[in-house]
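Here are some friendly notes to read beside the model. Please keep the structure open and find each residue as you go.

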Amino acid sequence: MLTECENLRACTLLGGVREEHEWSKMADHVQSLAQLEILCKQLYETTETGVRLQAEKALVEFTNSPDCLSKCQLLLERGSSSYSQLLAATCLSKLVSRTSNPLPLEHRIDIRNYVLNYLATRPKLAEFVTQALIQLYSRITKLGWFDCQKDDYVFRNVIADVTRFLQQDSVEHCIIGVTILSQLTNEINQADTSHPLTKHRKIASSFRDSSLFDIFTLSCNLLKQASGKNLNLNDESQHGLLMQLLKLSHNCLNYDFIGTSTDESSDDLCTVQIPTSWRSAFLDSSTLQLFFDLYHSIPPSLSPLVLSCLVQIASVRRSLFNNAERAKFLSHLVDGVKRILENPQSLSDPNNYHEFCRLLARLKSNYQLGELVKVENYPEVIRLIANFTVTSLQHWEFAPNSVHYLLSLWQRLAASVPYVKATEPHLLETYTPEVTKAYITSRLESVCIILRDGLEDPLDDAGLVQQQLDQLSTIGRCEYEKTCALLVQLFDQSAQTYQELLQSTNSSTIDITVQEGRLTWLVYIIGAVIGGRVSFASTDEQDAMDGELVCRVLQLMNLTDSRLAQAGNERLELAMLSFFEQFRKIYIGDQVQKSSKLYRRLSEVLGLNDETMVLSVFIGKIITNLKYWGQCEPITSKTLQLLNDLSIGYSSVRKLVKLSAVQFMLNNHTSEHFSFLGVNNQSNLSDMRCRTTFYTALGRLLMVDLGEDEDQFEQFMLPLTAAFEAVAQMFSTNTFNEQEAKRTLVGLVRDLRGIAFAFNAKTSFMMLFDWIYPAYMPILQRAIELWYHVPACTTPVLKLMAELVHNRSQRLQFDVSSPNGILLFRETSKMITTYGNRILTIGEVPKDQVYSVKLKGVSVCFSMLKAVLSGNYVNFGVFRLYGDDALDNALQTFIKLLLSIPHSDLLDYPKLSQSFYSLLEVLTQDHMNFIASLEPHVVMYILSSISEGLTALDTMVCTGCCSSLDHIVTYLFKQLSRSTKKRPAAMATDDRFLHIMQQHPEMIQQMLSTVLNIIIFEDCRNQWSMSRPLLGLILLNEKYFADLRNSIVNSQPPEKQQAMHLCFENLMEGIERNLLTKNRDRFTQNLSVFRREVNDSMKNSSYGVNSNDMMS
């Protein structure tokens, strides 16, 4: 493999064991080697947690020790156990991956060569050791992809490295060679959080352009050779080789070709963006045929991998082919699918079945129905697929997670019917009703079997049921008459049987439960098909059919509601709520035609003549549920969500208020009538969340006729007034029932937050404000003091305060003679300071609890401070003018809280990131003098957080960072301009801030390179926001910008350097040295042109910027 000389050099450099080392030193090494091996055993084998943690701690210290490199080689050379070899490989991976103090290039080359030689001379290592060493090789290769030595990219000879393994006679060597390519492809495809995303994309693009197609071609050729050799797949090593080859092919096809970084969970909508240079492989039908042939010739243990490859091949982008080529490719694909369906033996394996269902789904996600019907065998294939689907649905207990793909195929086929222009028959009117019928009848038949055998009920998996119902809503609307006839027939049978069972004195509970289960499925399905109505495609006849279905569900509801005092079925109630939600979306609201045939049918059967009467049925159901199901959280929360949705519509809310049932709710919202409002029956405090939803809806309903009627408002608030008085009474005594006080307070603040959210008009909100302030504000402050360490108490209180200070719809407009704006800010400052100072005293919090215990409350404090600072109802200048420290206290608490949070946490928790960066934007815009007065380490912390936020995946965070950076850069530029004009009024704080920036120019320079880098190399989704700080950054760092520009220009191929230089010249053309709006706008326009021209220039270049430039 390597020459003896190279290997000796690799060993010497890697080990660093020099001749002048004394023998005693070597003896120390041997002794420490024995200790390391003991630690490895303790880490990987012991069952005692304490021993393992000690070993882990010692090994972390070993990884960070200066002689780690030499000891790793000793472990590999002389270690007696596989665990010590594993430790060495993982430690070396950490060493080559570290971003601070990276290993020199020569060391990394030597480690790479050493690893290859080690693998070649020891092909029968433990599998996990081989895997770890290959991982190490892959990591070195990826991170060193752009490293040059004498104009040679030293880490790019991967195929040459691997060919040495493939030329060996032993299967073990071949497996190692193929695994190296497979692991490397996977490694380069995975973004690494410890390195910039831009650098990852640059490496991934270069690897794609220079090596990936050769690797894919090699894997296909090796698969062809293997399939022609009649491998003995009972032989473990030959089986392993074929598995690695298939994994390699799959990794190549699964590569993120254009840097979309798609979410794994949405993979079934994606297109594989195969590069145009790969066209030959897909135009050649033998590639597709190879995988179909392999599927039929290898055992079920390997065939799922073949199908995974076929799924990716079936998903290649449409634009890779012209129309004729695509038709030919699709024809081969459909033939392969037909062959599998005609020989379905292997599909009894769940993994094969799952992947085959995915393959079927891709047929429609990537090809149009008009193309499918033109395939020669289409009538036969659609018949086979329909039969396969029906059989699959009937065997509902087999691979239930795969049904989604089959339903998505039929959903897309059914949705395409109105648009298909081909003259060939699509036959969906024949087969779609069969699929609908199979789904419905199989779900009903499953009920009895599940109860009999005690199986897991699919109805308990709400997400899965909802997903399938969404798909069925489209499928069932195809040939809707047949769907409705079937549902009416099945519903009438079950409802009649159910009624007879209830009336009979000797009916068994199990029979009743079976009918309730069947009716539950039918109610869900009826809701789904009504929800699938599309206004432009619907007819009066279909609306009349909807009416038939709705009448039946409402009649069933009347029956079940009449029995609630004795017994109820939770699943059936949840199905009813799902039905009501779909019915509301389609037939209630401002957009619905009231002349619909549905209402005519409801009038004939149930006497419901108009929308108001139907709404009274909704409200009646809501009140019934809250009365009888108050202790059942799922039903309560879904019922309240339905009430909330009804209260949003402009016309429906006005009709609701006129109903006597709604007036009853507005006048009697107490635990006596609605048990879920009781404070003594909740198992824990978080169960009270639904109260906010309830009071939001009540608040909207109250506002319709409230106007300026303070008496009506006071009357409505009586139960809440009583609750506040009760808490005040408890707080006034030294001994009180703490649990009761917590429950009362938490319920109360959740109720108030709902009302505050609903009151978004000045008149009503001022009534609420005058009610709560000043009378009850001290109680909220006292609760924070007492229970700061109990997040279940503090979070609702903080959220209420954040809602009260939020100037939504300009509702916080105080009279000119009112000091309430300032007084409200004082209360806000007091609460933030009280909570902030106390939460910082709780000490170390375990990582898994840090968000709930600390960061969630801190995040709400940031949101509260942001809302009050940007609310525009407080003049913050008066605080310093009159010696009031409220503003300083709030801002200083913000800084203390911020410094207690590691940078990584700021970006790891999305709600915290959004609240922090939006607050920072307000502070840099309106309170830059405060930022400028901070200590240097605080300024650097804030700048670092902006720098990291610029590359965040969340566009809102990234845009906030750009805005904050723009305010800081503009402030700096103004200060510099003033200092050059030598104005005497410059403040000391301004000088200090300038001094900090001059002491640490690298921070601003880093951000300049990051912003420029994102604009040039990434899919920049907020280019306008990025452009605003960029001009200021360039004007503050003109020399650095010139160096950066030269670096980028010189990194291009010689023939492209002139064009790139011209792009930069045009970027600054007509730009003056100021930050006036007119100048900024011209720069933003120039930047758009610059980005377009740079991208066009780089498209044909596989060169990248050298790795030691700005992107490292």
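1. Before you start. This is a predicted model, in which local features need pLDDT of at least 70 and side-chain atom pairs count only at pLDDT 80 or more, while totals for chains, interfaces and linings use all residues. Residues are numbered from 1 along each chain as its sequence is written, and side-chain values use heavy atoms, with hydrogens and water left out.

2. A helix pair. Helices here are DSSP runs (H or I, at least four residues), numbered from the N terminus. Helix H23 (residues 509-531) packs with helix H24 (residues 540-562) at an angle of about 145°, and their axes are 11 Å apart. The axes are lines fitted to C-alpha atoms over the stretch in contact, and the angle, on a scale from 0 to 180 degrees, is taken between N-to-C directions.

3. What touches what. Contact means heavy atoms within 4.5 Å. H23 brings Leu519, Val523, Ile526, Val529 and Ile530 to the contact, and H24 brings Asp546, Leu549, Val550, Val553 and Leu556. By class, that makes nine nonpolar, no polar and one charged residues. In this scheme Ala, Val, Leu, Ile, Met, Phe, Trp, Tyr, Cys and Pro are nonpolar, Asp, Glu, Lys and Arg are charged, and the others, Gly among them, are polar.

4. Salt bridges. Side chains of opposite charge can pair when their charged atoms come close. The whole structure holds 37 salt bridges, each with a side-chain nitrogen of Lys or Arg within 4 Å of a carboxyl oxygen of Asp or Glu. Asp492, Glu548, Arg552, Arg601 and Glu604 are joined in a network of them.

5. A link across the chain. Arginine 279 and glutamate 325 form a salt bridge with an N to O distance of 3.0 Å. This pair ties together distant parts of the chain, since arginine 279 is in helix H12 (residues 279-283) and glutamate 325 is in helix H15 (residues 323-342), 46 residues apart.

6. Links within one helix. How far apart in helix H16 (residues 350-366) are arginine 358 and glutamate 355? They are three residues apart, or about one helical turn, and their salt bridge is 2.8 Å from N to O. Arginine 358 is buried at 9% relative accessibility, where buried means under 20% relative accessible area, exposed over 50%, and partly exposed in between (1.4 Å probe, protein chains only). Glutamate 355 is buried too, at 12%. In helix H33 (residues 738-758), lysine 742 and glutamate 738 are four residues apart and meet at 3.5 Å, N to O. Lysine 742 is buried at 10%, whereas glutamate 738 is partly exposed at 39%.

7. A buried threonine. Threonine 794 sits in helix H36 (residues 791-804). Is threonine 794 buried or exposed? Its relative accessible area is 2%, so threonine 794 counts as buried. Apart from neighbours within four places in sequence, threonine 794 contacts Ile784, Trp787, Tyr788 and Tyr835.

8. Backbone details in loops. The peptide bond from tyrosine 773 to proline 774 is cis, with omega near 5°, and proline 774 lies in the loop between helix H34 (762-772) and helix H35 (777-787). Serine 809 is not a glycine, yet its phi is positive, near 55°; serine 809 is exposed at 52%. Asparagine 872 also has a positive phi, about 70°, and is exposed at 71%.

Technical notes: Helix = DSSP H or I, 4+ residues; strand = E, 2+ residues; numbered from the N terminus.
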